[in-house]
Amino acid sequence: MTQGIYRVEYNRALAPGVWELRLSGDTSALTAPGQFINIKLDGFYLRRPISVCDWDGEGITVIYKVVGKGTAALSSVEPGQDLDILCGLGNGFDVSKCGRRTLAIGGGAGVPPMYALAKALLAAGKTPIAILGFNKKDEVFYEDRFRALGVETAVTTADGSHGQKGFVTDALPETYDFYCACGPIPMLKAVYDAAPTSGLLSFEERMGCGFGACMGCTCKTKYGNKRICKDGPVLEKEEVIW
């Protein structure tokens, strides 16, 4: 984990209530897809944790959904503005554990880390298959980005207005040997029940500090309580207790 000042390159809307933020700064603490950053905003006591969508040697791209006052304030930051950020938090997805044909399953705000995961799987010589779930057509984002990587991509919408009607579990292919998933708890539980293979699950949780000190985001596992921010957000399927 590192703390530093990052400069806003752009902050733009991708879909209603969904924003893409590009930050220039030190990315050395990022070692795996699925890690997150914690952003300090003026006027707010707690930082805002946002999963990393992509990064390179120059900076970080994150995608976030406006769900409260903090993320609403984040959507108003302008290019050239500096932000105090904790970078490289969480454990991320271990690509070495993934199979040759790995599903990258994202639901809503869980889609962004799947993009970095897909790139990492490709770099490791593996074949990612993306399944992206949304409620309706106007909420869909990054479908074209996944396809531009050459990744087989399925999109589901709950109302059937785009892609396949239904949920991510309705788009599971016949053959695959591993999966990684990020999204709301009901989606993760549905994938857990529907997918017969081993997998990695990335949990969304309210966090106080973001690095394990406050113990505010603990969850029960077969190996005792784990902190989602420090020991997660990625947990192995076999250790999760629902």
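**Phe-146 and its surroundings**

Guide: Leaving aside residues up to four places away in sequence, Phe-146 touches Val-111, Met-114, Tyr-115, Ala-118, Ala-130, Leu-132, Val-151 and Thr-153. Keep in mind that this is a predicted model. Phe-146 and Leu-117 have the most contacts inside the largest nonpolar core, a set of 28 residues. Three elements, helix 2, strand 8 and strand 11, each supply at least two residues of this core. Helix 2 gives the largest share, 5 residues.

So helix 2 comes next. Helix 2 covers residues 112-123, which is 12 residues. Which residues of helix 2 are buried? They are Pro-112, Pro-113, Met-114, Tyr-115, Ala-116, Leu-117, Ala-118 and Leu-121. Three of these names, Met-114, Tyr-115 and Ala-118, are among the contacts of Phe-146. What covers the buried residues of helix 2? The cover includes strand 4, strand 5 (59-65), strand 7, strand 8 (127-134), helix 3 (143-148) and strand 11. After helix 2 comes Gly-125, with a positive phi near 80 degrees.

Helix 3 also carries a charged pair. Glu-143 and Arg-147 form a salt bridge, with the closest N and O atoms 2.9 Å apart. The two residues are 4 apart in helix 3, which means a separation of about one helical turn. Their exposure can be read against the cut-off for burial, under 20% relative accessible area. Glu-143 counts as buried because its relative accessibility is 16%. Arg-147 is partly exposed at 43%. Elsewhere, salt bridges with shared partners join Glu-9, Arg-22 and Asp-56 into one network.

Strands of a sheet pair through backbone hydrogen bonds, parallel or antiparallel. Strand 7 (residues 101-107) and strand 11 (residues 178-183) are a parallel pair, joined by 5 bridges. Ala-104 has Cys-180 in strand 11 as its bridge partner.

Strand 9 (residues 152-157) contains Thr-157. Is Thr-157 buried or exposed? Thr-157 counts as buried, because its relative accessibility is 0%. Beyond four places in sequence, Thr-157 touches Phe-134, Asn-135, Lys-136, Lys-137, Val-140, His-162, Gln-164, Lys-165 and Gly-166.

Strand 4 (residues 48-55) runs antiparallel to strand 3, with 4 bridges between them. Strand 3 also pairs with strand 6 (residues 82-89), again antiparallel and over 4 bridges. Phe-36 stands opposite Ser-51 in strand 4 and opposite Leu-89 in strand 6. Strand 3 (residues 36-40) is mostly covered, with 4 of its 5 residues buried.

The structure holds 10 salt bridges. In one of them the side chains of Asp-82 and Arg-7 meet at 2.8 Å, N to O. Asp-82 lies in strand 6 and Arg-7 in strand 1 (residues 2-15), so the pair ties together parts 75 residues apart in sequence. Asp-82 is partly exposed at 40% relative accessible area, and Arg-7 is partly exposed at 44%.

Another pair is Glu-9 with Arg-22, at 3.8 Å, N to O. Glu-9 lies in strand 1 and Arg-22 in strand 2 (residues 18-24), so this pair ties together parts 13 residues apart in sequence. Glu-9 is partly exposed at 37%, whereas Arg-22 is buried at 11%.

Definitions and conventions: Residues numbered from 1 in each chain as written. Predicted model: local features only at pLDDT ≥ 70, side-chain atom pairs only at ≥ 80, totals over all residues. Heavy atoms only, no water. Pairing = 2+ DSSP bridges. Buried < 20%, exposed > 50% of the residue type's maximum accessible area, 1.4 Å probe, protein only. Contact = heavy atoms within 4.5 Å. Expected span 1.5 Å × (residues − 1). Salt bridge = Lys/Arg side-chain N within 4 Å of Asp/Glu carboxyl O. Core = buried A, V, L, I, M, F, W, Y, C linked by side-chain atoms within 4.5 Å.
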